[in-house]
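Here is a short briefing for a reader who is new to this structure. Please look over the sequence and the 3D view before reading on.

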Amino acid sequence: MLIVAGTRRSPKIEAVRLAAQDLELPNAAVVGCDVSSGVSDQPFGFNSTLEGAKNRSERALKANLTARIAVGMEGGLFLHEGQWFDVGIVVATDRQGRQVMAESERVEVPKSVIDLVIKDDVDLSTALGSVFGVDTVLTRDCTGYLTNGRLPVVELYRVAARSAMSLLNPKP
């Protein structure tokens, strides 16, 4: 079974591969596909982040005609009771047109970082680098940095991808 991830980012592709392994799909092969999210580089709020994940999933499935499932992932910033959180949304789509959405754990983002994201119109990785002097731009592992390595982006998306794909009930 071929599964296509709507991204070229290796941590997210690995997250989908591990999710397929968790679901005991031993013959599953996962490939990445460079598709546009159709939303800003740093989405704000649920609707924009969900739209990006849906677009990635649908576009990846159209781009790879042999895949049975496509998984789109989009990270966004959500405001809840005065505090900002980084959240990943995952959408899995199959050839029957079914779509399932899952959300990752929420990771709190410091106000100083959010202020820079808003003021300079940069993504979370760039803002983290500026505020803390770290290079998360290459790894794009903001949650890993914010949690001192305890919740790397691979694990964040692995759980959400597993949840979304399991609800499609794929068979090996």
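Contact here means heavy atoms within 4.5 Å. The model is a predicted one.

- K12 sits in helix α1.
- Is K12 buried or exposed? K12 has a relative accessible area of 8%. Buried means under 20%, so K12 is buried.
- Which residues does K12 touch, leaving aside its neighbours within four places in sequence? K12 is in contact with T7, M73, E74, G75 and Y157.
- D141 is 129 residues away from K12 along the chain. The C-alpha atoms of K12 and D141 are separated by 10 Å.

**Helix α1 against helix α6**

- Two packed helices are described by the angle between their axes and the distance between the axes.
- Helix α1 covers residues 10-22, and helix α6 covers residues 153-168. Their axes come within 8 Å. They cross at roughly 45°.
- Because of that angle, α1 counts as oblique to α6.
- The crossing of α1 and α6 is right-handed.
- On the α1 side, the contact is made by P11, K12, E14, A15, V16, L18, A19, A20 and D22. On the α6 side, V153, V154, E155, Y157, R158, A161, R162 and M165 take part.
- How do the residues in the contact of α1 with α6 divide by class? There are 11 nonpolar and six charged residues, and no polar ones.

**Helix α3 against helix α4**

- The axes of α3 and α4 come within 9 Å. They cross at roughly 125°.
- That angle makes α3 oblique to α4.
- α3 passes α4 in a right-handed crossing.
- From α3, the residues S112, V113, L116 and V117 take part. They meet L124, A127, L128, S130, V131 and F132 of α4.
- By class, the contact of α3 with α4 has eight nonpolar and two polar residues. No charged residue is part of the contact of α3 with α4.

**Loop residues with positive phi**

- D121 lies in the loop between α3 (111-120) and α4 (124-132). D121 is not a glycine, yet its phi is positive, at about 55°.
- D121 has a relative accessible area of 69%. Exposed means over 50%, so D121 is exposed.
- E81 is in the loop between β3 and β4 (83-94). The phi of E81 is near 50°, a positive value in a residue other than glycine.
- E81 is exposed, and its relative accessible area is 75%.

**L65 in its loop**

- Where does L65 lie? L65 is in the loop between α2 (46-63) and β3 (69-80).
- L65 has a relative accessible area of 69%, so L65 is exposed.
- L65 and R95 are 30 residues apart along the chain. Their C-alpha atoms are separated by 9.4 Å.

**Cysteines**

- How many disulfides are there? A disulfide needs a pair of cysteine sulfur atoms within 2.5 Å. The count by this rule is zero.
- C33 is buried, at 12% relative accessibility.
- C142 is buried too, with a relative accessible area of 7%.

How values were computed
Residues are numbered from 1 along each chain as its sequence is written. This is a predicted model: local features need pLDDT of at least 70, side-chain atom pairs count only at pLDDT 80 or more; totals for chains, interfaces and linings use all residues. Side-chain values use heavy atoms; hydrogens and water are left out. Axes are lines fitted to C-alpha atoms, for helices over the stretch in contact, and angles run from 0 to 180 degrees between N-to-C directions. Helices (H or I, at least four residues) and strands (E, at least two) are DSSP runs, numbered from the N terminus. Angles under 35 degrees count as roughly parallel, over 145 as roughly antiparallel, 65 to 115 as roughly perpendicular and the rest as oblique. A crossing is left-handed if the near helix is turned anticlockwise from the far one by less than a right angle, and right-handed if clockwise. Ala, Val, Leu, Ile, Met, Phe, Trp, Tyr, Cys and Pro count as nonpolar, Asp, Glu, Lys and Arg as charged, and the others, Gly among them, as polar. Buried means under 20% relative accessible area, exposed over 50%, partly exposed in between (1.4 Å probe, protein chains only).
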